[in-house]
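Trainee: I would like a close look at a single part of this model. Please take one residue, then the elements around it.

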Amino acid sequence: MDLGCRKGNVAVDKRVREAGLRPTRQRIALADLLFAKGDRHLSAEELHEEAIAAGVPVSLATVYNALHQFTQAGLLRILAVEGSKTYFDTNTSDHHHFYIEGENRIFDIASGPVTVSNLPEPPEGMEIANVDIVVRLRPKRCE
């Protein structure tokens with residue numbers, strides 16, 4: 001991948017800058033991979049594999065660092081699904097997810113009547129930032 005000649009890099013560069021991050025070559029290359037395909041959910045390992053396949057010379061540690069920096073800057077949303085399995089969501093709007101067990105696949109629940117009631121009062125001085133709902137799915141079992 002030519003890190004300097006991708007057409008979308010100008011918009012990605014601007015997006016990274018506006019988020020308050022320095023647009024390094026590796027950040028721009030990773031952001032380009034992340035955001036070029038619309039809304040999606042990726043693990044650091046999946047993005048690392050995509051980067052290597054695209055010819056972006058980057059370590060897994062750098063991918064993790066960039067993803068966490070993008071999350072802190074508000075460009076991504078983090079989803080902890082399975083113990084140590086973490087996904088990064090390019091759609092930062094309030095929405096919920098389905099997770100298919102055994103396939104490690106996550107996707108958005110279409111906007112609809114998902115409501116949460118009886119939330120506890122947060123401790124003094126705190127407010128609820130958001131509520132993440134992950135509905136776990138598996139194939140129906142034969143009876």
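Mentor: A polar contact here is a pair of N or O atoms within 3.5 Å; within protein, one must be able to donate a hydrogen and the other to accept it, and residues adjacent in sequence count only if both atoms are side-chain atoms. This is a predicted model, in which local features need pLDDT of at least 70 and side-chain atom pairs count only at pLDDT 80 or more, while totals for chains, interfaces and linings use all residues. Residues are numbered from 1 along each chain as its sequence is written, and side-chain values use heavy atoms, with hydrogens and water left out.

The part to look at is R77. A polar atom of the R77 side chain lies 2.6 Å from the backbone oxygen of S93. The side chain of R77 also makes a polar contact with the side chain of D132, at 2.3 Å. R77 is buried, with a relative accessible area of 7%; buried means under 20% relative accessible area, exposed over 50%, and partly exposed in between (1.4 Å probe, protein chains only). Contact means heavy atoms within 4.5 Å. Leaving aside neighbours within four places in sequence, R77 is in contact with residues including Y87, F88, D89, H95 and N130.

R77 belongs to strand 2, residues 77–82. Helices (H or I, at least four residues) and strands (E, at least two) are DSSP runs, numbered from the N terminus. Two strands pair if DSSP finds at least two bridges between them. Strand 1 and strand 3 (residues 85–89) run antiparallel and are joined by two bridges. F88 of strand 3 is the bridge partner of L42, and F88 is also among the contacts of R77.

Helix 4 covers residues 60–72. Its 13 residues reach 18 Å from first C-alpha to last, close to the 18 Å expected at 1.5 Å a residue; the expected span is 1.5 Å times one less than the number of residues. The buried residues of helix 4 are V63, A66, L67, F70 and T71. Seen down the helix axis, these buried residues fall within an arc of 135 degrees (taken over the directions from the axis to the C-beta atoms), so they line one face of helix 4. Just after helix 4, G74 takes a positive phi of about 90 degrees.
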